[in-house]
Amino acid sequence: IKECTVYIKWCNNISGEVKKLSDAQKSITKKQHYLPKAYLRFFAHQERKKKKIYTYYCKEKIVRYVSIDDICHRPFLYEQKYQSLTESTEYILAPNKIENGFIDVEGEYVTLVNTLIQGVRENNIIILNDNEIGKIANFMSSLSFRHPIIVHVINSVSKINFRENFSDLEELQKLFPDVHESFFEAVFAQDSLSLYLKAFTYALA
């Protein structure tokens, strides 16, 4: 079955170690930022070992001076969880895979912005080429699709598509009788989220 074969490959090619949620707390990035610190740091002030920024809290209608570590994030925002077939323990699929996928884009953005800042300080004219402009555009467009609401929508649509349109689930369960259905759903959702984030980012840029 072609679709089933492709799906098995997805399961086998998932990078990263599958860990129990309780164990993953120590090594996984819990605070996963939808507005990255790579962006926030350029608006922040250095306070001892932390960078802080004035932040307006809409619900409370109050301004606080807080660390950029503590704003614009959700716990395990980009992670997919699934259950064991024999126990109620939750597991995380490929911890930090999507979170780490932003590292290169963020690093390129920081390097280019630092170059521009240095040029202004030294009264030099910095002209970015098309490739460099594209890197900044990719980073800025990625911010639109990292928001928790967008991530939630993509995850919800992926899981609905899996349940309604994936016709070979029974075949997979025969091949992998010791694997909970939620694992295959998590693989599908993880792959979809990664694909959509990349596609939307480049399309908007």
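The place of Cys72 is in the loop between strand S5 (62-67) and strand S6 (73-75), strands and helices being DSSP runs numbered from the N terminus (E, at least two residues, for strands; H or I, at least four, for helices). The model is predicted, so that local features need pLDDT of at least 70 and side-chain atom pairs count only at pLDDT 80 or more, while totals for chains, interfaces and linings use all residues. Residues are numbered from 1 along each chain as its sequence is written, and side-chain values use heavy atoms, with hydrogens and water left out.

Although Cys72 is not a glycine, its phi is positive, at about 55°. With a relative accessible area of 23%, Cys72 is partly exposed; on this scale, buried means under 20% relative accessible area, exposed over 50%, and partly exposed in between (1.4 Å probe, protein chains only). Lys61, likewise not a glycine, has a positive phi of about 55°. Lys61 lies in the loop between strand S4 (50-57) and S5 and counts as exposed, at 66% relative accessibility.

S4 and S5 run antiparallel and are joined by six bridges, with Val63 in S5 as the bridge partner of Tyr56. Their hairpin has four residues between the strands, and Lys61 belongs to this hairpin. S4 is also joined to strand S3 (residues 45-47), by three bridges and in antiparallel orientation. Here His45 has Lys52 of S4 as its bridge partner. The hairpin of S3 and S4 has two residues between the strands, and Arg48 in the turn has a positive phi of about 60°.

In soluble globular proteins, nonpolar side chains tend to be buried together. A nonpolar core is defined here as a set of buried Ala, Val, Leu, Ile, Met, Phe, Trp, Tyr and Cys residues joined through side-chain atoms within 4.5 Å. The largest such core has 15 residues, of which Tyr39, Leu40, Ile53, Ile68, Ile71, Tyr109 and Phe139 touch the most other members. Helix H3 (37-40), helix H5 (103-121) and helix H6 (130-145) are the elements that give two or more residues to this core. The greatest contribution, four residues, is that of H5. Contacts, meaning heavy atoms within 4.5 Å, were listed without residues up to four places away in sequence; on this basis Tyr109 touches Ala38, Tyr39, Phe42, Ile136, Phe139 and Met140. A second, separate core of 13 residues includes Tyr82, Phe166, Phe183 and Phe184.

Phe42, one of the contacts of Tyr109, lies in the loop between H3 and S3. This residue is partly exposed, with a relative accessible area of 26%. Leaving aside neighbours within four places in sequence, Phe42 is in contact with Tyr109, Val110, Val113, Asn114 and Ile117. Phe42 and Ile117 are 75 residues apart along the chain, and their C-alpha atoms are separated by 10.0 Å.

Gln190 is found in helix H9 (181-204) and counts as buried, at 1% relative accessibility. Apart from residues up to four places away in sequence, Gln190 touches Tyr78, Gln80, Leu93, Ala94, Lys97 and Ile98.

Pockets were identified on a 1 Å grid over the protein atoms alone, as open sets of points where a 1.4 Å probe fits, with protein on both sides within 12 Å along at least five of seven lines; lining residues have an atom within 4 Å of a point. Grid points are joined across faces, edges and corners, and a volume is the space filled by probe spheres set on the points. The largest pocket has a volume of about 310 Å³. Twelve residues line this pocket, and the closest to its centre are Gly101, Phe102, Val105, Ser194 and Lys198. Helix H4 (97-101), H6 and H9 each give two or more residues to the lining, and H9 gives the most, with five. The lining divides into five nonpolar, five polar and two charged residues, where Ala, Val, Leu, Ile, Met, Phe, Trp, Tyr, Cys and Pro count as nonpolar, Asp, Glu, Lys and Arg as charged, and the others, Gly among them, as polar.

The second largest pocket holds about 250 Å³ of space. Of its 14 lining residues, Pro36, Lys37, Ala38, Glu99 and Glu106 are the closest to the centre. H5 supplies the largest share of this lining, four residues. The lining of the second largest pocket comprises four nonpolar, four polar and six charged residues.

Conventions. Two strands pair if DSSP finds at least two bridges between them.
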